[in-house]
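I opened the model and kept notes on what I looked up. The entries follow in the order in which I made them.

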Protein chains: 2
Amino acid sequence: MFDDDEILAVNAAYYAAFKDRDFEAMSRLWAEDGVSCIHPGWVILLGRTAVLGSWRDILRNPDQPVVTCRSATVIANDDEGRVLCIELVEDIAFAVTNQFRRREGVWRMVHHQASPINYAPALSEEEPPPGRLH
Amino acid sequence: MFDDDEILAVNAAYYAAFKDRDFEAMSRLWAEDGVSCIHPGWVILLGRTAVLGSWRDILRNPDQPVVTCRSATVIANDDEGRVLCIELVEDIAFAVTNQFRRREGVWRMVHHQASPINYAPALSEEEPPPGRLH
């Protein structure tokens, strides 16, 4: 597989672990060091203990709705790559970055950030409307 | 300088360009390829044309408030690094990732994402409260 396909496969495994509430799979997907995570509305989580702790809570939460990934695009460079995608959580859309790092031939997750967005769930090359608050 | 200091210096230059509404400086800070940006509430911007177009609009906007960066932390690895920080925009706080890539000895920005947060502007190693919507 090309790097982009490999990264998309790991990205898909991440959403599968999320859907299956599979903490062990989620734990294996994240790298051992240099990890961070910004869930919507949360503080910045630094380090594997904080990040995996958040996932343990999320995957245990019986009210956690299913999260689906749409419009995934890869930007990769050597042994670093990120997926830009839209997450749909019920009828709420989030713009998402999932960052991956390859070591010894294995891509693992090092960063996740999801931001609520107001627009229809689509990627765009177009310029945004001017005058919005940064 | 160590890599972390170099990355923090470029991160500081980014906020200086923002504060000074200096589009040329902002343009130089961003890499030529492989760039993306997720402003709060916006669609995902892919590619230098879309990203710099957004910055041209933001820096021209007379109503754009000053953005300050707090609690910057670096996670770096070879020629890739990211800054996790809090942006304060008037009394609104955002959790932010600024991603940088080094080529030919020069660190340039490749990704920015800012998410609104509900908490006090501080980084935390603590686990978040359970049961929040992902």
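Entry 1, two tyrosines. I looked up Tyr14(B) and Tyr15(B) in this predicted model, and both are buried (buried means under 20% relative accessible area, exposed over 50%, partly exposed in between, with a 1.4 Å probe and protein chains only). For the ground rules, I noted that residues are numbered from 1 along each chain as its sequence is written, and that chains are lettered from A and ligands numbered from 1 in the order in which they are written. The model being predicted, local features need pLDDT of at least 70 and side-chain atom pairs count only at pLDDT 80 or more, while totals for chains, interfaces and linings use all residues; side-chain values use heavy atoms, with hydrogens and water left out.

A pair of aromatic rings is described by the distance of the centres and the angle of the planes. Rings of Phe, Tyr and Trp (its six-membered ring) pair if their centres lie within 6.5 Å; planes under 30 degrees apart count as stacked, over 60 as edge-to-face and the rest as tilted. I found 8 aromatic pairs over all chains. Tyr14(B) and Tyr15(B) form an edge-to-face pair, 4.7 Å centre to centre with 80° between the planes. Tyr14(B) also pairs edge-to-face with Trp55(B), at 5.6 Å centre to centre and 85° between the planes. Why does this pair tie together parts that are 41 residues apart in sequence? Because Tyr14(B) lies in helix α1 (residues 3–19) of chain B and Trp55(B) in helix α3 of chain B. Helices (H or I, at least four residues) and strands (E, at least two) are DSSP runs, numbered from the N terminus. Both Tyr14(B) and Trp55(B) are buried. In chain A, ring pairs link Tyr14(A), Tyr15(A), Phe18(A) and Trp55(A) into a cluster.

I checked how α1(B) and α3(B) pack: the angle is about 50° and the axes are 9 Å apart. Axes are lines fitted to C-alpha atoms, for helices over the stretch in contact, and angles run from 0 to 180 degrees between N-to-C directions. The two helices α1(B) and α3(B) are therefore oblique to each other (under 35 degrees counts as roughly parallel, over 145 as roughly antiparallel, 65 to 115 as roughly perpendicular and the rest as oblique). Tyr14(B), Ala17(B) and Phe18(B) in α1(B) meet Trp55(B), Ile58(B) and Leu59(B) in α3(B), where contact means heavy atoms within 4.5 Å. Gly53(B) is in α3 (residues 48–60) of chain B, and Gly53(B) is buried, with a relative accessible area of 8%.

Chain B has an open sheet of 6 strands in the order β2-β1-β6-β5-β4-β3, with mixed pairing; two strands pair if DSSP finds at least two bridges between them. The edge strands are β2 (45–46) and β3 (67–77) of chain B, each pairing on one side only. I counted 9 bridges between β3(B) and β4 (residues 80–89) of chain B, which run antiparallel. Ala76(B) stands opposite Gly81(B) in β4(B). The helix α1(B) packs on this sheet, touching β3, β4, β5 (92–103) and β6 (106–116) of chain B.

Chain A holds 3 helices and 6 strands, running α-α-β-β-α-β-β-β-β from the N terminus on. Of its 134 residues, 54% are buried.
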